[in-house]
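I am opening a notebook on a structure I have not looked at before.

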Amino acid sequence: MKANDLLGIGELARRTGLSVSAIRFYENKGLVEPMRTGGNQRRFLRSDIRRLSFILIAQNLGLSLAEIEEAMKGLPQGRTPNASDWKRISAAIRQRIDAQIARLEKIREDLDGCIGCGCLSLKKCALYNACDKWGESGKGPRVLR
Ligand code: FES
């Protein structure tokens with residue numbers, strides 16, 4: 001198997017876990033660009049698996065499609081992106097990953113304490129959320145803010 005092997009959309013869907021319609025959606029957005037066979041069938045480079053996987057990871061991190069499109073603009077069309085291409089692209093979302101890690105660490109630290117949800121059920125709530133003052137700043141557990 002090689003990165004420039006050609007795959008049908010069904011194979012791509014099986015390997016990425018994406019639906020065929022989702023792959024067509026990303027194609028319409030210009031995030032993947034298949035070739036056409038003489039019979040006008042789509043054929044994707046095996047390396048497109050990584051493009052689609054990058055989209056999945058970025059979405060999991062909470063990036064919008066517009067942010068993903070912007071990040072992937074730096075990828076070459078018509079050739080398999082190499083390690084330095086991906087390094088450049090990944091740099092664009094690294095800050096986002098770091099912010100997510102910091103946020104999750106804070107939640108992990110706070111989870112057994114008062115999470116600012118308004119229940120006032122823990123002793124700590126009286127200290128950290130007296131009279132549910134956090135409720136004035138928004139809905140839901142304010143520890144997630
Ligand atoms: S845990 Fe709910 S308000 Fe403190």
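Entry 1. I looked up which residues are buried in helix α4, residues 65-72 of this predicted model. I noted Leu 65, Ile 68, Ala 71 and Met 72. Seen down the axis of α4, these buried residues fall within an arc of 120 degrees, so they line one face of the helix.

Entry 2. What covers that face? I checked the buried residues of α4 and found that their cover includes α2 (20-28), α3 and α5.

Entry 3. Next I took up α3 (residues 48-60) and α5 (residues 83-110) as a pair. Their axes come within 12 Å and cross at roughly 10 degrees.

Entry 4. Which residues meet where α3 and α5 are in contact? On the α3 side I listed Arg 50, Arg 51 and Phe 54, and on the α5 side Trp 86, Ile 89 and Ile 93. I sorted the residues of this contact into four nonpolar, no polar and two charged.

Entry 5. I then moved to the loop between β3 (42-45) and α3, where I found Arg 46. Is Arg 46 buried, partly exposed or exposed? Its relative accessible area is 24%. Buried would need under 20% and exposed over 50%, so I wrote down Arg 46 as partly exposed.

Entry 6. Last, I looked up how far Arg 46 is from Gly 138, which lies 92 residues apart from it along the chain. Their C-alpha atoms are separated by 46 Å.

How values were computed
Residues numbered from 1 in each chain as written. Predicted model: local features only at pLDDT ≥ 70, side-chain atom pairs only at ≥ 80, totals over all residues. Heavy atoms only, no water. Axes fitted to C-alpha atoms, helices over the stretch in contact; angles between N-to-C directions. Helix = DSSP H or I, 4+ residues; strand = E, 2+ residues; numbered from the N terminus. Contact = heavy atoms within 4.5 Å. Nonpolar A, V, L, I, M, F, W, Y, C, P; charged D, E, K, R; others polar. Buried < 20%, exposed > 50% of the residue type's maximum accessible area, 1.4 Å probe, protein only. Arc of directions from axis to C-beta.
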